[in-house]
Amino acid sequence: MSTKNINIGEAELEIMKVIWKAGEPIGSAEIGRAVEGKGWKRTTIATFLSRLVEKGALMTERQGKALYYTPLISAAEYRRSQVGSLVKNLFDGSARNLVAALFEEKSLSDKDIEELKEIFSEEGDQ
């Protein structure tokens, strides 16, 4: 499934982060423990998981009475799709405009700028 079609809400993203971090199929009870600080009820977590399955972000596997969840997209794939969408929709398709906006808002530290220079330098070497 294309990650471009998957729109993950903020709360759902918190669930996805737990699943990505697990690195293997993870049960709903373990997911619940990982997000217990959010104050969500078990039914709320189940709703988020169900939505993520419907959206194609997760697949389920029954092991005994428990459901285990596995991501169908990686964190990196999702980030790339979201950055692509952000650039396309808010910056008229221009990554330069995105970086300029970050620079103008003073969102980039000197360290960030040096790291970007290194990335561009490496890209130029290839």
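Residues are numbered from 1 along each chain as its sequence is written, and side-chain values use heavy atoms, with hydrogens and water left out. In this predicted model, local features need pLDDT of at least 70 and side-chain atom pairs count only at pLDDT 80 or more, while totals for chains, interfaces and linings use all residues.

Trainee: How many aromatic pairs does the structure hold?

Mentor: Rings of Phe, Tyr and Trp (its six-membered ring) pair if their centres lie within 6.5 Å; planes under 30 degrees apart count as stacked, over 60 as edge-to-face and the rest as tilted. For this structure the number of aromatic pairs is two.

Trainee: Is the pair of W20 and Y78 stacked, edge-to-face or tilted?

Mentor: The ring centres of W20 and Y78 are 6.2 Å apart. Their planes stand at 40 degrees, so the pair is tilted.

Trainee: How far apart in sequence are the parts that W20 and Y78 tie together?

Mentor: Helices (H or I, at least four residues) and strands (E, at least two) are DSSP runs, numbered from the N terminus. W20 belongs to helix α1 (residues 10-22) and Y78 to helix α4 (residues 75-90). The pair therefore ties together parts whose separation in sequence is 58 residues.

Trainee: Of W40 and F48, which is buried?

Mentor: Buried means under 20% relative accessible area, exposed over 50%, and partly exposed in between (1.4 Å probe, protein chains only). W40 has 24%, so this residue is partly exposed. At 11%, the buried residue is F48.

Trainee: What are the buried residues of α1 packed against?

Mentor: The buried residues of α1 are E12, I15, M16, V18, I19 and W20. Contact means heavy atoms within 4.5 Å. The elements they pack against are β1 (26-27), α2 (28-34), α3 (42-55), β2 (58-63), β3 (66-71) and α4.

Trainee: Which strands are the edge strands of the sheet?

Mentor: Two strands pair if DSSP finds at least two bridges between them. Three strands form an open antiparallel sheet in the order β1-β3-β2. Pairing on one side only, the edge strands are β1 and β2.

Trainee: What angle does the direction of α1 make with that of β3?

Mentor: Axes are lines fitted to C-alpha atoms, for helices over the stretch in contact, and angles run from 0 to 180 degrees between N-to-C directions. α1 packs on the sheet and touches β1, β2 and β3. Its direction relative to that of β3 is about 85 degrees.
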